[in-house]
Amino acid sequence: MVSSLILFCSFALCQEDLAMAHADYSGGHFEQAIEKLNAKGRNELSPGAYMLRADCLHKLGKFSEALNDYDRAKLHGYANPDLLLNRGICRSSAGAYDTAKLDIVAYLEYDREDPKAYYWLAHIEYLMMENNAALRYVDEAVALDSLYEEAYFLRGAIFADQRKILLAMEDFKTAYLINPKLHRAKFHFATLTMDLGLNEQAKEILSELLLEETDFSDEIFYYRGWCSYTLHDSDGACNDWVESARLGNHDSEESHRKGCLDKGGMPRIKRRSYARF
């Protein structure tokens with residue numbers, strides 16, 4: 001009787017720890033969640049705990065460790081199909097695109113109405129440079145969730161790579177209207193505006209972005225410098241390139257050298273990538 005009570009208390013304590021770890025995970029405190037799951041020197045975890053630790057490790061970019069825990073969760077009896085989806089996303093993050101697709105397609109056998117699954121299939125196809133397949137999947141994601149900001153962003157990237165500029169601009173604009181903190185979408189909208197020759201408008205948008213909190217100010221200064229250069233505002237261009245270079249942008253160093261120091265030089269704008277999500 002006593003041993004049964006001890007076993008019950010031990011189980012209750014594990015459940016309490018798991019609930020607290022889930023709360024940490026929901027709050028973005030992934031390392032704290034892992035500490036709770038690893039507490040008391042447990043050699044083995046419950047299936048749900050392995051699953052949660054895998055999700056935490058995935059969020060921390062520890063893909064190999066996360067994949068090991070996803071497999072442990074399955075081995076120990078975790079039966080929720082979200083394991084397939086999360087493991088597939090983790091495999092895609094690790095660059096294992098073929099096995100990632102297998103997991104996500106298997107997940108769709110359980111839930112064909114989940115826009116997240118279609119988005120990630122689109123994401124994988126895009127990274128594999130299969131834009132037509134990516135477009136089919138991302139269209140499905142948007143059809144299922146008309147406010148899926150990441151899906152609009154991805155479709156904008158696909159259209160931009162296909163040089164369907166107006167369609168790309170429409171999707172990037174929709175993405176940042178849904179989420180004004182999706183600064184990359186607004187940035188891509190601005191650079192595509194440059195492609196249309198509308199440098200005054202692009203410069204204005206880039207200037208707005210510099211007033212917002214981003215982690216890529218060097219790129220914004222770089223392209224605003226190009227707007228000024230195209231508009232024959234040499235001082236504005238050179239000042240922006242100097243600031244961009246100060247922030248560590250090597251392309252601005254070259255543009256400043258060729259366009260501002262070597263008066264006879266001809267700077268070249270760098271090729272853009274839309275694959276950063």
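A residue counts as buried when its relative accessible area is under 20%, and as exposed when that area is over 50%. In this predicted model, C56 has 0% relative accessibility and therefore counts as buried.

**Cysteines**

The structure holds 1 disulfide, which joins C238 to C260 with an S to S distance of 2.0 Å. The link of C238 and C260 is left-handed, with -105° about the S-S bond. C238 belongs to helix 14 (residues 234-246) and C260 to helix 15 (residues 250-261), so the bond ties together parts that are 22 residues apart in sequence. Both C238 and C260 are buried.

C227 is in no disulfide, and C227 is likewise buried, at a relative accessible area of 0%. For C56, the closest cysteine sulfur is too far for a bond, since a disulfide requires two cysteine sulfur atoms within 2.5 Å. The sulfur distances are set out below.

| Cysteine | Partner or nearest cysteine | Sulfur to sulfur distance |
|---|---|---|
| C56 | C90 | 12 Å |

**Helix 6**

Helix 6 (residues 97-108) comprises 12 residues and reaches 17 Å from its first C-alpha to its last, close to the 16 Å expected. Its buried residues are A100, D103, I104, Y107 and L108. Viewed down the axis of helix 6, these buried residues fall within an arc of 145°, so they line one face of the helix. An α-helix has 3.6 residues a turn, so residues three or four places apart point the same way. The cover over the buried residues of helix 6 includes helix 5 (82-93) and helix 7 (115-127). D98 and L102, on the other side of helix 6, are exposed.

Technical notes. Residues numbered from 1 in each chain as written. Predicted model: local features only at pLDDT ≥ 70, side-chain atom pairs only at ≥ 80, totals over all residues. Heavy atoms only, no water. Helix = DSSP H or I, 4+ residues; strand = E, 2+ residues; numbered from the N terminus. Expected span 1.5 Å × (residues − 1). Buried < 20%, exposed > 50% of the residue type's maximum accessible area, 1.4 Å probe, protein only. Arc of directions from axis to C-beta. Contact = heavy atoms within 4.5 Å.
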